[in-house]
Amino acid sequence: MIGQRESVSGAHFAFTDRWGGVSAAPYEELNLGGAVGDDPEAVRGNRELAAKTLGLDAGRVVWMNQVHGGDAAVVEEPWGDRPVPEVDAIVTARRGLALAVLTADCVPVLLADPVAGVVAAAHAGRPGMVKGVVPAAVRAMVGLGAEPGRIVARTGPAVCGRCYEVPEAMRTEVAAVEPAAHAVTSWGTPSVDVSAGVHAQLDRLGVGDRAQSPVCTLESDDHFSYRRDGATGRLAGYVWLD
């Protein structure tokens, strides 16, 4: 259920795998995405199971309406009855409030400045990485008192550069914005390495404490992959502070 978990100075980072939930095929088992065609009751049950496993209150987990954009929103409470905003990064200075990001090949980015008490979660697919969603999240954190040099960054399972094949023109377009994302597949065709691009952006911003998951979602049967399966579930990354 929880494929990776780490705590650093009171900041907690966790990434799920696909197992331990209640969803049926093709979303089996721990689908946490509510907009992929799965039974809403199954998704609700899975979110409660994942939160319980992490020691969280599912009602205190904040989700996004992700749109492959570059915008970040600051949150202080769960959305409740309010519309969930169309953003790809959320930031909070509220301790005990967990932020979540959904992915199935895109890069889940979790950020925390434990000293300032500020955390962020970002959804960095190829379009979001190009649009600067991760820098937007860091800027929003700095606006709440964070310092880039204190930020701890963890990126989760995502499709790797060896597998993310794209047309040559698309690779050229992406690399013009972020050269570190230029890659080649294991079979020698053009590709994009979004994780490498995200980490290059973080490095330029002064975020030094970084770690990247070694898991490629397309290669791993333990993780959802949209590029591999089409109709499939969504993984989640969670970040919160004590």
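What is the volume of the largest pocket? In this predicted model, where local features need pLDDT of at least 70, side-chain atom pairs count only at pLDDT 80 or more and totals for chains, interfaces and linings use all residues, the figure comes out at about 930 Å³. Residues are numbered from 1 along each chain as its sequence is written, and side-chain values use heavy atoms, with hydrogens and water left out.

A pocket here is an open set of points on a 1 Å grid over the protein atoms alone, where a 1.4 Å probe fits, with protein on both sides within 12 Å along at least five of seven lines; lining residues have an atom within 4 Å of a point. The volume is the space filled by probe spheres set on the points, which are joined across faces, edges and corners. Of the 35 lining residues, Gly-33, Ala-35, Gln-66, Leu-102 and Arg-234 sit closest to the centre of the largest pocket. The largest share of the lining, six residues, belongs to α1. Sorted by class, the lining has 20 nonpolar, eight polar and seven charged residues (Ala, Val, Leu, Ile, Met, Phe, Trp, Tyr, Cys and Pro count as nonpolar, Asp, Glu, Lys and Arg as charged, the others, Gly among them, as polar).

Then there is the sheet: five strands, open, in the order β1-β2-β13-β6-β3 with mixed pairing. Helices (H or I, at least four residues) and strands (E, at least two) are DSSP runs, numbered from the N terminus, and two strands pair if DSSP finds at least two bridges between them. β1 (2–8) and β3 (61–62) are the edge strands with a single partner each, so one side of each has no neighbour in the sheet.
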